[in-house]
Structures are given as C-alpha cells and as structure tokens.
Amino acid sequence: MSVTEGDICPDFTLQATGGRTVARDDYKGRPFVVYFYPKADTPGCTKEACAFQEALPALGRIGIEVIGVSKDKMSALEKFAAKYDLAFPLASDEAGGVVEAFGAWVEKSMYGRTYMGIDRATFLIGADGRVAKIWHKVKVPGHAKAVMDAAAALA
C-alpha cells in the first residue's frame, strides 16, 4: 500500500515515548507531520530527529506537531529521546502496520544485497486530514527546513 498526496491520512494508534499514545484522530482539525526513520540513535536518524527538535518552536508557532515513527522497541525509543532531549513523540511500530500503510516499508539494497527496510520518509498532513506533501528517500541536511516551509504554506 502506498499513500499519495491528497489521500486521507491512514489511521494509526501507536505507543510513544513519555508514556504517550499517538493516534491520527488526536490531530483532527490540526495539521501535523509524521516522519519515518530506520533506526533510533544511528547517525542519520539522530541528525534528523535533532533537526526536527530544533524546528519545534517555529513549527509550534504555525500549529504543527511532529511524530517520529520507527520499528524500534519502546525501550530503544525512550533511551534515544532522553539522550537527545526530544520533546516530540517517537512512536513504536514494531509490527510494521503503520509503516506499511504509509508506504514507507520498501525494498532497499546495499552492497548488492536487497532487503526490506524503512524508507526515510516524511508526510505533512493538513488540517483536513489529507496528505498535503510527501518526501521520500529524505536527505537529512535541510529537510526540517523544507518541511517547515511547506507547513507554513498550509497555515
């Protein structure tokens, strides 16, 4: 399954850091960002999470909340969030249903070997509950700024 711009955001309810639960319906009538990343506390994922953390005040001023999603266990996510003082929720999708619903579970290849893994992808969801913008195969440098610019255009 794959989500395209204009689609209704897939339904989800996931356990998240800080004893929180995040669900699509929690954000009804409000725009938000869901980003998928391969593995907590790895170099690229750390840079991406820290960039979103730095952007939180500016995103908050325009009413945008951020949710990070990976297939990591909650214990790994809690350690990651604490280590880098991440205030936004990091959600655990160990079963992979949400990752698949968004189309972020993809075939990858490294050193000639193919395998399934998480596409570093970001979805900007509008207040109407529809996917306003999608970024696949995200390159971390400048990405949080691109998301912020697109989110500001929604406001």
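Here is a quick tour of the overall fold and the salt bridges of this protein.

The model is predicted, so local features need pLDDT of at least 70 and side-chain atom pairs count only at pLDDT 80 or more, while totals for chains, interfaces and linings use all residues. Residues are numbered from 1 along each chain as its sequence is written, and side-chain values use heavy atoms, leaving out hydrogens and water.

Reading from the N terminus, you get β-β-β-α-β-α-β-α-β-β-β-β-α, which comes to 4 helices and 9 strands. Both are DSSP runs numbered from the N terminus: helices are H or I with at least four residues, strands are E with at least two. The C-alpha trace spans about 45 × 35 × 30 Å along its principal axes. Of the 155 residues, 46% count as buried (under 20% relative accessible area, with exposed over 50% and partly exposed in between; 1.4 Å probe, protein chains only).

On to the charges: a search of the whole structure finds 8 salt bridges, meaning a side-chain nitrogen of Lys or Arg within 4 Å of a carboxyl oxygen of Asp or Glu.

R120 is buried at 15% relative accessibility, and E48 is buried at 1%.

K145 and D149 are 4 residues apart in helix α4 (residues 143-154), about one helical turn. K145 is partly exposed at 47%, as is D149 at 41%. Elsewhere, shared partners join D11, R24 and D25 into one salt-bridge network.
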